[in-house]
Amino acid sequence: MRTATVTRTTKETDISVSINLDGTGQTTIKTGIGFFDHMLDQLGKHSLIDIEITAKGDLHIDGHHTAEDVGIALGQAISEAVGDKMGIARYGHAYVAMDDSLSRTALDFSGRPFLVWDACFTIDRLGEMDTELFQEFFHAFAQHAKLTLHCTVLHGENNHHKIESLFKSCAKALRMALTIDPRAADVLPSTKGVL
């Protein structure tokens, strides 16, 4: 089983993340930020990764520390669960349309963390979450999952639809990349011999 549990406790947040990469997309998400919970639920559902997240953060200040630290802990859990990366497809990509919005994610479990972010929003908040925090989350996630991650909103008017389609496209790309290739289950997907 490709599973992991990570806890992260700082003066700003107290976070527990448990995942199963070979799950069915079951989620239990409690971050204290309703809209963020909704997006993380989409990430689990459409990647088929079982995700449990409990986060207590300094929301009386704002959601920044919670969003970033959840990204860190979730990324660490993904990295731990994927292990030596033997047999994984490694690369993933997906386009997801949601009404007026179209998003694309491409990623590589390269071991070389990088985020390319091309998503603009016309409002400052969705629910109680600042829209600038989505980039902070994905940056922390990419760094700690050790993956190269390109996130692009190609079209959209409705801000809710834009970010939800992006989370869903990321989920579908993760599902593709983390799938074990039956033709190469015992092979590391790299000509370098290391990832």
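User: Why is Phe-138 called buried?

Analyst: Phe-138 has a relative accessible area of 0%, and buried means under 20% (exposed is over 50%, partly exposed in between, with a 1.4 Å probe and protein chains only); therefore Phe-138 counts as buried. This is a predicted model, in which local features need pLDDT of at least 70 and side-chain atom pairs count only at pLDDT 80 or more, while totals for chains, interfaces and linings use all residues. Residues are numbered from 1 along each chain as its sequence is written, and side-chain values use heavy atoms, without hydrogens and water.

User: What makes Phe-167 buried or exposed?

Analyst: Phe-167 has 0% relative accessibility, so this residue is buried.

User: How many aromatic pairs does a search of the whole structure find, and why is the pair of Phe-137 and Phe-167 called stacked?

Analyst: The search finds nine aromatic pairs. Rings of Phe, Tyr and Trp (its six-membered ring) pair if their centres lie within 6.5 Å; planes under 30 degrees apart count as stacked, over 60 as edge-to-face and the rest as tilted. The centres of Phe-137 and Phe-167 are 5.7 Å apart and the planes stand at 20°, so this pair is stacked.

User: Which parts does this pair tie together?

Analyst: Phe-137 belongs to helix 3 and Phe-167 to helix 4 (residues 159–178), so the pair ties together parts 30 residues apart in sequence. Helices (H or I, at least four residues) are DSSP runs numbered from the N terminus.

Technical notes: Helix = DSSP H or I, 4+ residues; strand = E, 2+ residues; numbered from the N terminus.
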